[in-house]
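The following paragraphs lead through the structure shown here, from its overall build to individual side chains.

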Amino acid sequence: MDRPVRIAVVGPAHDRLQADLRQLPLRPEVRSWVTLLADAEGLSRYQPDLLAVTFSASAEQEVGALRLLQQWWPSIGLLLVTTAERELVDAPLAARLQARLLVLTDAPGQLAAAIEQALHGSDRPRPDAFVDLARGLADEINNPLQYVAGHLQLLRASFATAQERDRRDQIGAALQGIDRIRSALDRLRLLAQAANGPRRSERVDLAAVVRQAGLSRPESAADSVVLELGTTEQPVSGDQEQLTAAVAAIVWFADELAAAGAGCHLQLDTLAAARRLRLTARIPSLGDWKLPQTFEPFYPSRALRGRSQGLGVFLAQTVILGHGGQATVRRLGDGTLQFDFVLPA
């Protein structure tokens, strides 16, 4: 059984933060301390995986204590918790400490995403930066694309005679290319919508969604990944369209890993308060996989040398986080990569 992540909340009381942490689907173990200076011994005994620290108005002594703790404990993750009013004050401190800055908001999934990045010591942009980029690209491309598509349709209609068939076919091929671009824009729009959480809430059998995604794969990929789903329903509450797209992206990603030579296993199971879709992949070349960059758009494409669809893993993470879940990746002792996509039951 996986050990829960240990999180130490240090500083002025954040009842809401502790409650939100305890409600995460993977149920981390959470304890609180008043200050770093007075409670260093207790923290040392607890051995947390992650420190969630809120600084007081005068933070210099606390910064020094944190630096000392980081020297003793280089692997510990650090999350600097602040408010919107103090973001500009605490951002330079977070940079000095190489900590992930968490601004407490009601944005879906921001807490789970911050924890995952802090555990990996990531200095990558927050997921919402990539979501804003996706939304902007979709808006930027859509209008000129519609303009070009309209003109091409009119031009194709003007080539009505048999002698002009070749030109009409060439324009038809160009319109097919535009349809592929539209499909990519639809994925970008779905991604941007998913960041705001589900648009509707309905009962979704996650096992049926995974099973359908497995059946929808090309025949060449049908036996490349071991699927273990069980026979019982795995209901969750959420947006059917978003969850279907996320699961399809995960299955596609598993197939791409298998095509690169990985032994892949995809298992859906029930935790105490969640449904977990776990993908394990073992291949020597994945030893170079950069964990902090896993969920970045197009990182899988670079890591797998163009095999992956690029946006799929990021889309899956965005949907899962938007539904109040968690998306995590770990490297096990034997080098196996373990991806967990967890939704509240």
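Leu137 is located in helix H6. The coordinates belong to a predicted model. With a relative accessibility of 39%, Leu137 is classed as partly exposed, and together with Leu133, Ile141 and Ile181 this residue makes a nonpolar surface patch of about 320 Å². The greatest contribution to the nonpolar patch comes from helix H6, residues 127-158, which supplies three residues.

Of the 345 residues in the protein chain, 48% are buried.

Helix packing may be considered next. Two packed helices are described by the angle between their axes and by the distance between those axes. Helix H7 (residues 165-194) packs with helix H11 (residues 312-322) at an angle of about 30°, and their axes are 8 Å apart. Because angles under 35 degrees count as roughly parallel, H7 is roughly parallel to H11. The crossing of H7 and H11 is left-handed. For helix H8 (residues 206-215) and helix H9 (residues 240-259), the axes come within 9 Å and cross at roughly 50°. H8 and H9 are therefore oblique to each other, and their crossing is right-handed.

Several loop residues also deserve attention. Asp123 is found in the loop between helix H5 (110-119) and H6, and its relative accessibility of 68% makes this residue exposed. Between Asp123 and Asp49 there are 74 residues of separation in sequence and 18 Å in space, taken from C-alpha to C-alpha.

Most residues other than glycine have a negative phi. Gln47, however, has a positive phi near 55°. Gln47 lies in the loop between helix H2 (40-46) and strand S3 (50-53), and a relative accessible area of 46% places this residue among the partly exposed ones. Phe298 likewise has a positive phi, near 75°. Phe298 occupies the loop between strand S10 (274-282) and helix H10 (299-303), where this residue is partly exposed at a relative accessible area of 43%.

The last topic is charge pairing. Side chains of opposite charge can pair when their charged atoms come close. The structure holds 14 salt bridges, including one between the side chains of Glu29 and Arg31, at 3.6 Å from N to O. Glu29 is partly exposed at 27%, and Arg31 is partly exposed at 42%.

Another salt bridge joins Arg182 to Asp179, with the closest N and O atoms 3.3 Å apart. Both residues are in helix H7, three residues apart, which is about one turn of the helix. Arg182 is partly exposed at 25% relative accessibility, and Asp179 is partly exposed with a relative accessible area of 41%.

A further salt bridge links Asp239 with Arg200, the closest N and O atoms being 3.6 Å apart. Asp239 is in the loop between strand S8 (235-238) and H9, while Arg200 is in the loop between H7 and strand S6 (202-205), so the pair ties together parts that are 39 residues apart in sequence. Asp239 is buried, with a relative accessible area of 0%, whereas Arg200 is partly exposed at 41%. Salt bridges with shared partners join Arg199, Arg200, Asp239 and Glu241 into one network.

Technical notes:
Residues numbered from 1 in each chain as written. Predicted model: local features only at pLDDT ≥ 70, side-chain atom pairs only at ≥ 80, totals over all residues. Heavy atoms only, no water. Patch = residues over 30% accessible without salt bridge, like charges linked within 9 Å, V, L, I, M, F, W, Y side chains within 5 Å. Areas by Shrake-Rupley, 256 points an atom, 1.4 Å probe, with all protein chains shown as cover. Salt bridge = Lys/Arg side-chain N within 4 Å of Asp/Glu carboxyl O. Helix = DSSP H or I, 4+ residues; strand = E, 2+ residues; numbered from the N terminus. Buried < 20%, exposed > 50% of the residue type's maximum accessible area, 1.4 Å probe, protein only. Axes fitted to C-alpha atoms, helices over the stretch in contact; angles between N-to-C directions. Parallel < 35°, antiparallel > 145°, perpendicular 65-115°, else oblique. Left-handed = near helix turned anticlockwise from the far one by under 90°.
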